[in-house]
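Subject: Structure for you to look at

Hello,

Here is the structure I promised to pass on. Please open it and keep it beside this email while you read.

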Amino acid sequence: MKIKFTLVIFLLNIFCSYGQVTDTNSIAMLLKPEQIEAFRTQAQKSVNDLARYMETMVDKSNETAKRDKAVSLAVKLFRTEDNIVEVSSVKNPSEKKILKIRVYFNKIKILPYSKVTIKWYDIYLAPHFTKGTDGRYYGVATILQKFEGKTNNELGKYSDITKKNIQIILEKTEYFEGLDKKEKWILKLGDITVVETRNG
Amino acid sequence: MIEVILKTSRNTHNATRITGLIFIVIGLVIQFSPFKEKKSDRIENTNIINENYIDQSVQREERNNPSENENSKVEIMDDISKNERSTIEQRNISPSQIEAPNSLEECFKLLTITSIQENSKNNLKNSILSRFKDSNVEVVKYNNNIPTPDGTTIEDYIEAVINSGKKIIIRSDSEKSEGKITKLHIEEI
């Protein structure tokens with residue numbers, strides 16, 4: 001009986017200490033619920049912006065300067081140029097290539113199709129941000145991407161639908177306003193990974 | 001003509017003389033009459049004619065441009081909403097010769113009009129940038145009245161507005177120093 005009681009106390013102790021760890025890891029300790037909601041809204045807008053820039057950069061009817069500008073604007077939505085995009089195809093769905101964001105954007109800009117369209121739909125934003133080992137907070141937006149490439153020759157047309165996860169990063173940064181040191185949260189996009197690819 | 005009337009009036013009856021004088025008075029009244037077209041009215045009419053001419057020439061330009069098909073014409077008409085068109089018309093300028101308005105929000109609005117030419121957009125861009133401390137001034141985006149910055153600078157944001165046609169509201173709590181904006185607070189619609 002005594003052993004059972006000790007065991008229960010021990011388990012309760014572990015449970016409580018786990019709770020404390022999760023609390024300090026929760027962004028809710030640092031931001032109010034309305035702030036988290038506002039950042040989620042902004043994340044949705046950033047994902048929509050990225051979708052729009054990608055539509056612009058692949059559309060060959062746009063001027064080159066406009067398409068190049070769309071690439072640099074898209075890159076600036078990300079936390080760093082080292083962020084990556086996973087790429088897959090229906091022919092080899094298990095084989096995923098990894099490209100840095102700028103390389104990926106420049107690649108889709110010059111795909112050997114006469115007409116390329118990329119549309120994102122069913123954008124879903126997960127409600128929580130979790131703390132990463134680097135101290136930043138990570139959320140995720142899931143999108144469905146419909147890719148369509150048409151050629152004028154016998155190759156015809158290629159299309160697929162890919163489910164992708166886009167990292168949403170909330171990072172606290174310090175800055176100076178005069179002599180005062182202040183902090184602010186900044187929202188950026190992170191890595192884009194493939195969940196699954198199927199025929200479009 | 002006055003002399004003739006006077007000569008006649010000397011040789012005729014008093015009543016005729018009075019009639020002559022009445023003619024003179026009428027003549028003078030007509031000469032300096034308030035019923036005459038005012039100068040400002042003339043200028044207004046000229047402006048109306050100019051606006052019509054500009055509208056017609058823009059339409060002619062759109063018709064004559066071989067690169068624009070029917071769809072792009074519709075797109076232009078859609079892009080320039082009635083309010084935006086009236087803004088352009090009130091200023092008596094064509095979409096190819098845009099002058100930067102005083103209102104920053106109006107400048108951003110003009111940047112989203114696709115029919116405005118590249119060089120005019122560059123002028124607008126320079127005019128917007130001249131109101132900021134430098135091109136790296138931060139643009140803070142607000143959602144539900146809460147700041148949600150994403151690290152965008154004003155220079156990049158201008159390009160983003162041109163590229164995506166975003167509609168924005170500039171918040172009155174944007175920060176200024178020595179007449180220049182040091183932090184721009186905006187809401188995207």
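Start with D82(A) and K100(A). Their side chains meet in a salt bridge, at 2.9 Å from N to O. The two residues sit in distant parts of the chain, 18 residues apart. D82(A) is in the loop between α3 (64-75) and β1 of chain A, while K100(A) is in strand β2 of chain A. K100(A) counts as partly exposed, because its relative accessibility is 43%. Bear in mind that this is a predicted model.

Other salt bridges

The count over all chains is 24 salt bridges. Another one joins E148(A) and K146(A), whose closest N and O atoms are 4.0 Å apart. K146(A) is partly exposed, at 26% relative accessibility.

R171(B) and E187(B) form a salt bridge through their side chains, 2.8 Å from N to O. R171(B) lies in the loop between β3 (168-170) and β4 (175-177) of chain B, and E187(B) lies in strand β5 (residues 180-188) of chain B, so the pair ties together parts that are 16 residues apart in sequence. Is R171(B) buried or exposed? It counts as buried, at 17% relative accessibility. The cut-off for buried is under 20%. E187(B), at 25%, counts as partly exposed.

There is also a network of salt bridges. It links D49(A), R52(A), K141(B), D150(B), K166(B) and E188(B).

A lysine without a salt bridge

Now look at K188(A), in strand β7 (residues 180-199) of chain A. K188(A) is buried, yet it has no salt bridge. Which side chain of opposite charge is nearest to K188(A)? That is D150(B), 5.8 Å away. What does the side chain of K188(A) reach at 2.9 Å? It reaches the backbone oxygen of D150(B). Leaving aside neighbours within four places in sequence, the contacts of K188(A) include K76(A), F78(A), Q167(A) and I169(A), as well as D150(B).

A pocket in chain A

The second largest pocket has a volume of about 610 Å³. It is lined by 23 residues, and the closest to its centre are V87(A), S88(A), S89(A), L111(A) and Y158(A). The elements that give two or more residues to the lining are β1 (84-87), β2 (97-100), α4 (101-109), β5 (137-150) and β6 (157-177) of chain A. Which element gives the largest share of the lining? That is β6(A), with 4 residues.

A buried loop residue

In chain B, I98(B) lies in the loop between α5 (82-90) and α6 (104-111). I98(B) is buried, because its relative accessible area is 5%.

Chain A has 4 helices and 7 strands. Its pattern along the sequence is α-α-α-β-β-α-β-β-β-β-β. Of its 200 residues, 41% are buried. Among contacts in chain A with a separation of 6 or more, 60% join residues 24 or more positions apart.

Chain B has 8 helices and 5 strands. Its pattern is α-α-α-α-α-α-α-β-β-α-β-β-β. Of its 189 residues, 37% count as buried. Among contacts in chain B with a separation of 6 or more, 48% join residues 24 or more positions apart.

Best wishes

Key:
Residues are numbered from 1 along each chain as its sequence is written. Chains are lettered from A and ligands numbered from 1 in the order in which they are written. This is a predicted model: local features need pLDDT of at least 70, side-chain atom pairs count only at pLDDT 80 or more; totals for chains, interfaces and linings use all residues. Side-chain values use heavy atoms; hydrogens and water are left out. Buried means under 20% relative accessible area, exposed over 50%, partly exposed in between (1.4 Å probe, protein chains only). Lys and Arg count as positive and Asp and Glu as negative; His and the chain ends are not counted. A polar contact is a pair of N or O atoms within 3.5 Å; within protein, one must be able to donate a hydrogen and the other to accept it, and residues adjacent in sequence count only if both atoms are side-chain atoms. Contact means heavy atoms within 4.5 Å. On a 1 Å grid over the protein atoms alone, a cavity is a set of points where a 1.4 Å probe fits but cannot get out, and a pocket is an open set with protein on both sides within 12 Å along at least five of seven lines; lining residues have an atom within 4 Å of a point. Grid points are joined across faces, edges and corners, and a volume is the space filled by probe spheres set on the points.
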